[in-house]
Amino acid sequence: MKEESTAREARLIDGRQAASRLRAAIAAEVAQLGRDHGAVPGLAVVLVGADPASEVYVRAKGRAMREAGMESHEHRLPADTAQETLLALIDRLNADDRVHGILVQLPLPAQIDTQAVIQAISPDKDVDGFHVLNVGRLALGQQAFVPCTPRGCLMLLRQVLGDLTGKEAVVIGRSDIVGKPMAQLLLGQNCTVTLAHSRTRDLPAVCRRADILVAAVGRPEMVRADWIKPGATVIDVGINRIERDGTSRLTGDVDFAAARGIAGAITPVPGGVGPMTIACLLQNTLDAFRISRRRAAPCHPSSERKPS
Ligand SMILES: Nc1nc(=O)c2c([nH]1)NC[C@@H]1CN(c3ccc(C(=O)N[C@@H](CCC(=O)O)C(=O)O)cc3)C=[N+]21
């Protein structure tokens, strides 16, 4: 009996394993860059205030950077930091040659205009992909920094499904950070994309169409098993800390235990999308480093005299 039920269980999409493979490949490239050019990619992470969850993420990012052989420049500012102080720091980081990527940890305290801060980051150092120029480039299908979470989700989807052409994809959640860029990426992969949200009529029925279901709403276990088309690939972006029986634990936006019996493949929380987000931050920082070196190179290499 036991074997019969496990045979129908969805394949687990191991984000930790995929992330560690990606991080190892990045580390190898970073080591090669060091040997060839004596240069090290660097990321500046700015944390305003002392939100405990943000502290955890910032520490994890710093550790991952160092493990890949890159530099992490961490800037911690008090919660009551004035907007102009933060903007002055961004200006300095924009001009700093050792800093190839800049990440300002969100959310920011209420006195700070988040959009003004994001738009002050040089688009060439915008490893979060939140600057209007990168958002626009992504929408046009041009080379762009892509936000780390949706980039990681797409890598997992490609790993499980290969070519995504023609698939029905439903993304739940229309945030600028996950939902909207995820929809753009899936469109770029020739999916038929539905971007659903809190005002969508009959959300369960919309979800049941999905070959690919991406849940990014931030509501614990909102997606029930009967919202899932049998065999669908389910990507759970939610990271919700909930209290149950006096202990705190993480849960996604999907009722994982029930969904496992219906989906074809599913990401766990933790150990799914989260680790890929950090690995993609390293990838974006490496990409930013390469862009900066291309800028520094002569504009017309062909005009350079070749040794005869
Ligand atoms: N400018 C900015 N860029 C971000 O990319 C950004 C941000 N602000 N603010 C907060 C969110 C959240 N985020 C996560 C990164 C890693 C995990 C992660 O590694 N999660 C582990 C578990 C971590 C735990 O145990 O708490 C997992 O899912 O397995 C989760 C969430 C990046 N964010």
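Good morning. The crossing of helices α2 and α11 is left-handed, a term used if the near helix is turned anticlockwise from the far one by less than a right angle, clockwise being right-handed. The model is predicted: local features need pLDDT of at least 70, side-chain atom pairs count only at pLDDT 80 or more, and totals for chains, interfaces and linings use all residues. Residues are numbered from 1 along each chain as its sequence is written.

Two packed helices are described by the angle between their axes and the distance between the axes. Here, the axes of α2 (residues 15–37) and α11 (residues 273–296) come within 8 Å and cross at roughly 15°. That makes α2 roughly parallel to α11, the term for angles under 35 degrees. Axes are lines fitted to C-alpha atoms, for helices over the stretch in contact, and angles run from 0 to 180 degrees between N-to-C directions. Helices (H or I, at least four residues) and strands (E, at least two) are DSSP runs, numbered from the N terminus.

I turn now to the sheet. In what order do its six strands stand? The order is β1-β11-β8-β7-β5-β6, in an open sheet with parallel pairing; two strands pair if DSSP finds at least two bridges between them. β1 (11–12) and β6 (192–196) stand at the edges, each with a single partner strand, so one side of each has no neighbour in the sheet. Between β8 (residues 233–236) and β11 (residues 265–266), which run parallel, there are two bridges; T233 has A265 as its bridge partner in β11.

Elsewhere, four bridges join β2 (residues 42–48) to β4, again in parallel, and V45 has L103 of β4 as its bridge partner. Thank you.

How values were computed. Parallel < 35°, antiparallel > 145°, perpendicular 65-115°, else oblique.
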